[in-house]
Amino acid sequence: MARLSEDLKRAVTIFISATIVFSTLAYVAVTPRPREQFFQIYVLGETGKAERYYPDGNPNILVGRVVRWYLGTTNFMGSVQYVVIKAKLGNSTIKAPDDVNRVPSPAPVLLEFKKVVLSNETWEFPFVWEIREINVDDGVIYPTVFEINGMVFRNSQVGALKGHNLRIVFELWSFDPESDRVMFGWRTGVERRVAWLQIWFNATIAGT
Amino acid sequence: MLGLVLLAVMTMLGIVAFSYATPGVGLPASVLGGGNEAVDEANVEFRRALMAVREAEAAGADEVRLRILVEKLNWALRMIDRAEGLLLRGNIEGAAAEAEQSMEVSRGIVSDALRLRDESSLRTYHGKVFTFAMVPVASLLVTVGAHYGWKWWRRREIDRMMRMEISGLRESEEET
């Protein structure tokens with residue numbers, strides 16, 4: 001009887017220990033792990049790599065010269081996201097997006113790309129552009145007509161002296177369920193983050 | 001006086017010319033109303049559909065079915081884009097028709113996503129119940145295994161001790 005009770009005691013101890021261990025494992029298995037939520041945004045050159053962003057490596061873009069980039073974003077938010085990438089035309093005086101205060105650039109929007117992206121999905125697409133027309137006013141060059149991915153866009157606001165230091169800014173916007181609107185950047189818990197990119201170029205006329 | 005009248009006429013002509021030169025943007029709100037409202041409603045329906053898909057995802061929906069819903073969402077989004085484009089070009093009827101189609105797609109997504117959410121919630125719940133139900137079963141198996149394993153090991157150790165004792169006795173007998 002004493003022997004049996006010792007066996008029983010040992011069995012109960014093992015059973016309780018095993019239950020604690022397996023319960024912990026079961027809890028870990030059914031509970032989704034919290035992970036960092038973020039988006040990744042990138043621009044690649046014409047080869048699909050982080051190189052050759054300008055034709056022949058020359059940032060002086062002539063009228064009619066086609067520039068090919070690849071724009072992409074990856075959703076690491078852990079859920080389906082509605083993403084908008086805004087391509088804006090800026091110069092050296094127009095403010096860039098503000099990372100600290102999470103304010104987008106006031107530069108005019110050339111084009112918006114919208115898509116609903118699955119969790120862990122990468123959305124990549126070509127961004128093929130050229131300056132179709134240029135207007136020169138008192139030394140300031142205004143690229144007035146752009147063609148982006150086969151569509152024509154007009155600009156009358158942004159110019160640069162001698163066409164130097166123009167830039168295309170890409171901002172990542174996402175749908176925020178809390179405010180029920182698309183906002184610059186994204187929200188992770190109580191924190192808000194932003195992501196943007198820019199590529200500088202010079203708009204030039206042949207012979208200058 | 002004549003100058004003022006001329007200025008007023010020129011201003012009015014300018015406004016009229018501007019409204020004709022910029023289709024859509026320059027059209028009076030009352031004319032745009034139908035198309036605008038339809039696009040706004042399409043946007044609301046799209047956001048509703050998006051939230052429904054996210055709920056289904058949170059409930060543990062499988063990726064294949066989720067991907068189908070996301071493709072439909074992108075389809076609805078393209079239709080809204082087309083509707084906005086048509087609206088800007090002044091094609092109000094076309095824009096309203098495109099927005100209406102987008103709304104139909106979004107409503108379909110909402111009902112599919114809700115069904116998927118319910119199914120996924122149930123499956124996830126059953127999965128959790130099964131996982132936790134397996135805990136005592138696994139513990140019992142480990143207990144039984146440990147109990148008989150311990151018994152076997154103990155018997156083996158006793159046998160070994162006994163063999164050592166017998167061999168020790170034999171050695172002492174041989175010496176004497």
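A strand is a DSSP run of type E with at least two residues, a helix is a run of H or I with at least four, and both are numbered from the N terminus. The model shown in these views is predicted.

**The Arg102(A) loop.** Arg102(A) sits in the loop between strand E4 (81-90) and strand E5 (109-117) of chain A. Its phi is positive, at about 55°, although Arg102(A) is not a glycine. Most residues other than glycine have a negative phi. How many other C-beta atoms lie within 10 Å of Arg102(A)? There are 13, so Arg102(A) is partly exposed. The cut-off matters here: a residue with 12 or fewer would count as exposed.

**The Asp56(A) loop.** Asp56(A) belongs to the loop between strand E1 (38-44) and strand E2 (60-62) of chain A. The phi of Asp56(A) is also positive, near 60°, and this residue is not a glycine. Is Asp56(A) buried or exposed? Asp56(A) counts as exposed because it has 7 C-beta neighbours inside 10 Å.

**Chain A, from end to end.** Chain A contains one helix and 14 strands. Its radius of gyration is 27 Å, well over the 17 Å that the globule rule gives for 208 residues, so chain A is more spread out than a compact globule. Along the principal axes, the C-alpha atoms fill a box of roughly 105 × 35 × 25 Å. Of the 208 residues of chain A, 26% are buried. Take the contacts in chain A between residues at least 6 apart in sequence: 63% of them join residues at least 24 apart.

**Ala11(A) on its helix.** Ala11(A) is part of helix H1 (residues 2-30) of chain A. Which residues does Ala11(A) contact, leaving aside its neighbours within four places in sequence? They are Thr143(B) and His147(B), both in chain B. Ala11(A) has 16 C-beta neighbours inside 10 Å, so it counts as partly exposed.

**Chain B and its helices.** Chain B has four helices and zero strands. Along the sequence, its pattern reads α-α-α-α. Of its 176 residues, 23% count as buried. Among its contacts between residues at least 6 apart in sequence, 79% join residues at least 24 apart.

**Where chain B touches chain A.** Here 25 residues of chain B contact 21 residues of chain A. On the chain B side, the elements that give two or more residues are helix H2 (29-58), helix H3 (63-88) and helix H4 (92-175). Which element of chain B gives the most? H4(B) does, with 12 residues. By type, this side of chain B has 14 nonpolar, five polar and six charged residues.

**Glu57(B), a buried residue.** Glu57(B) lies in helix H2 of chain B. With 23 C-beta neighbours inside 10 Å, Glu57(B) counts as buried. The cut-off for buried is 20 or more. Leaving aside neighbours within four places in sequence, Glu57(B) contacts Ser79(A), Val80(A) and Leu66(B). Now compare sequence with space. Glu57(B) and Leu116(B) are 59 residues apart in sequence, and their C-alpha atoms are 8.7 Å apart.

**The largest nonpolar core.** This core has 63 residues, and Val53(B) and Leu73(B) touch the most other members. H3(B) gives the most to the core, with 11 residues. In soluble globular proteins, nonpolar side chains tend to be buried together. Which residues does Leu73(B) touch, not counting those up to four places away in sequence? In chain B they are Ala49(B), Leu50(B), Val53(B) and Ile109(B), and in chain A there is Val116(A).

**Confidence in the complex.** The predictor gives the complex an ipTM of 0.87 and a pTM of 0.80. Chain B averages a pLDDT of 84, and 81% of its residues score at least 70. Where is confidence in chain B lowest? It is lowest in helix H1 (residues 2-21) of chain B, with a mean of 50, and highest in H3(B), at 96. Over residues 16-31 of chain B, pLDDT stays under 50. The model has 13 contacts beyond four places in sequence for this stretch.

Technical notes
Residues are numbered from 1 along each chain as its sequence is written. Chains are lettered from A and ligands numbered from 1 in the order in which they are written. This is a predicted model: local features need pLDDT of at least 70, side-chain atom pairs count only at pLDDT 80 or more; totals for chains, interfaces and linings use all residues. Two residues are in contact if their C-beta atoms, placed from the backbone, lie within 7 Å. Ala, Val, Leu, Ile, Met, Phe, Trp, Tyr, Cys and Pro count as nonpolar, Asp, Glu, Lys and Arg as charged, and the others, Gly among them, as polar. A nonpolar core is a set of buried Ala, Val, Leu, Ile, Met, Phe, Trp, Tyr and Cys residues joined through C-beta atoms within 7 Å. The radius of gyration is taken over C-alpha atoms; the globule rule is 2.2 Å times the number of residues to the power 0.38. pLDDT is the predictor's confidence in each residue, from 0 to 100.
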